[in-house]
Amino acid sequence: MRIKPLYFTREAIESMRRNFAMSSAAMSTAALSLFMVGAFILMFMILRSFAADTLSKLEIEVFLKDEAASAQVQAFQNEITSWQEVKSIKYVSKDEALARLKERLKDKPDILEALSGNPLPASIRIFTKEASFIEPTVAKINSYQALAEVVENPKTDIKYGAEFIDRLFSVFKVMGWIGFGAAFLLCFASVVLIINTIRLTILARSKEVSIMRLVGASMWFVRWPFLLEGMFQGLAGSVVAIGLLYFVKVWVLRKMTEIIPFLRITITTASFVQLVLGITFGGILIGAVGSAIALRRFLKV
Amino acid sequence: MISIKNLTMRYNGGKPALDNINLDVEKGEFVFLVGPSGSGKSTLIKLLIRELIPTQGRITVAGHDIVNMPTRRVHLLRRNIGCVFQDFKLLPNKTAYENVSFALEVIGKSEQVIRTQVPEVLRLVGLDGKFDRYPNELSGGEQQRVSLARAFVNRPPLLLADEPTGNLDPAISAEIMSLLDKINKTGTTILMVTHDREMVNNLRRRVIALENGHLVRDQMRGVYGYED
């Protein structure tokens, strides 16, 4: 049989016009659930960007013991510099460390006055090429064979943002699970609503459908308009959801950069386009699944 | 055209609606199916268009074994069968022309075929000039003509008519009857369920009588034979 896309489309649109209230309800639920899914994905993108930005500012600081021989310290520095993961290192002498502290505490001169001599150790600040290199680099430092010559106590004298990283990622995980749970429930709800919409449409047109079957219309000929109707509802929902998401994305990014100006959060156009495509297909899929389920029960003529 | 072997139909395991029916209808025949209400006539029609699947037995229609036919292929069977009912089954929101063209549209006929065949068949049934009337603007007889046109527009080899004149007065019934006769003369096999004793007695065609699910009479050039 010849497929008639125009005929099917016309039928589907006409049917949605007749069942406008129910169609809008189905469309809105689809829009809401897709928006929720999208919002959680968007939140993830923002958090990931935030995490990447924060981690790129993380560094390792190794505090040296005062009695370390300068040759040993030099050898240690050369070793670290030779590692692939390391972008650069900076040696901070005892004097520089004190200067830094004085700069930071210049509003509280009484504390500085209480200092006698220079209790601050010298240190090496290590910047890695990527945030994910921090942990392996720390492990390498810990296994440096002459570490004892330069560092008093590796446990306390090697500092980096390990705890911070761990906490950040566990927060992400929990939020992710909650988000996907809610989004899944909403998707389920919109499938159910679309099932009901299509069921009503079929009931309203049951006479027409039975005559179609009687004069020899194939199952697919009867199905297509209803399937298209569901898919249109899903698609319309996804368009609304995408519009809302775009608005939210622009607004959130502007607000966040206003509040924390030094933060560099970006969502690339490519990843937003991916999100848009995902939501569009998700919407069409929800609609198609909903109407397919509704049709299964009604087309046993 | 129709071949029925040892057909038994039982609804939900109760008393059989049709019990061990054997029946053959040749191509081009005109057959009346008579019998009191509840004798199984409508069940037989429903089985022939595979709205129902028999409990037992074999049915062949226009070369299709319709008992073992998968549901997704049933439409191919129905394209070989035209159906006319007592209640016309027309779509109220479509004109006479649209009701007929709808039947061609849904089986995927081209616009061109539709434009030539629909007016032709509507003229054949005598509805010239009433193409744009809606069913509620037509008389009962005219509505039945539309439904006849719809059943016949695709030139099916078999036409099933379930009490097509049941709602019509005698004069109109005679006109519908003569149309069916005309269609039969073009080589279309017709199986017609009826309660119209006069028509059956006048036309002297093959008569098959059902009673309580049993085939009790099969007569060439028969009569109605009931005192109702």
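In chain B, contacts between residues 24 or more positions apart make up 64% of those with a separation of 6 or more. Contact here means that two C-beta atoms, placed from the backbone, lie within 7 Å. This is a predicted model: local features need pLDDT of at least 70, side-chain atom pairs count only at pLDDT 80 or more, and totals for chains, interfaces and linings use all residues. Residues are numbered from 1 along each chain as its sequence is written, while chains are lettered from A and ligands numbered from 1 in the order in which they are written.

Chain B next. Seven helices and 10 strands build chain B. These are DSSP runs, numbered from the N terminus: helices are H or I with at least four residues, strands are E with at least two. Of its 228 residues, 43% are buried. Buried means 20 or more other C-beta atoms within 10 Å of a residue's own, again placed from the backbone; exposed means 12 or fewer, and partly exposed is in between.

Now strand β6(B), residues 81-85. Five of its five residues are buried. Ile81(B), Cys83(B) and Phe85(B) cover one side. Gly82(B) and Val84(B) are on the other. β6(B) pairs with β7(B), residues 158-162, in the parallel sense, over five bridges. Pairing takes at least two DSSP bridges between the strands. Within β7(B), Ala161(B) is the bridge partner of Val84(B).

On to helix α4(B), residues 111-124. Its 14 residues reach 20 Å from first C-alpha to last, close to the 20 Å expected at 1.5 Å a residue. That expected span is 1.5 Å times one less than the number of residues. Which residues of α4(B) are buried? Val118(B), Val121(B) and Leu122(B). An α-helix has 3.6 residues a turn, so residues three or four places apart point the same way. The buried residues of α4(B) pack against α3 (96-105) and α5 (140-152) of chain B. Just after α4(B), Gly126(B) takes a positive phi of about 85 degrees.

Next, the cores. A nonpolar core is a set of buried Ala, Val, Leu, Ile, Met, Phe, Trp, Tyr and Cys residues joined through C-beta atoms within 7 Å. The largest has 73 residues. Leu33(B), Leu48(B), Val100(B), Ala149(B) and Leu160(B) touch the most other members. Beyond four places in sequence, Leu48(B) contacts Ile2(B), Ile59(B), Val61(B) and Leu160(B). Another core, of 34 residues, lies apart; Phe35(A) and Met231(A) are among them.

Last, the A–B contact. Chain A gives 12 residues and chain B gives 12. On the chain A side, α10(A) gives the most, with four residues.
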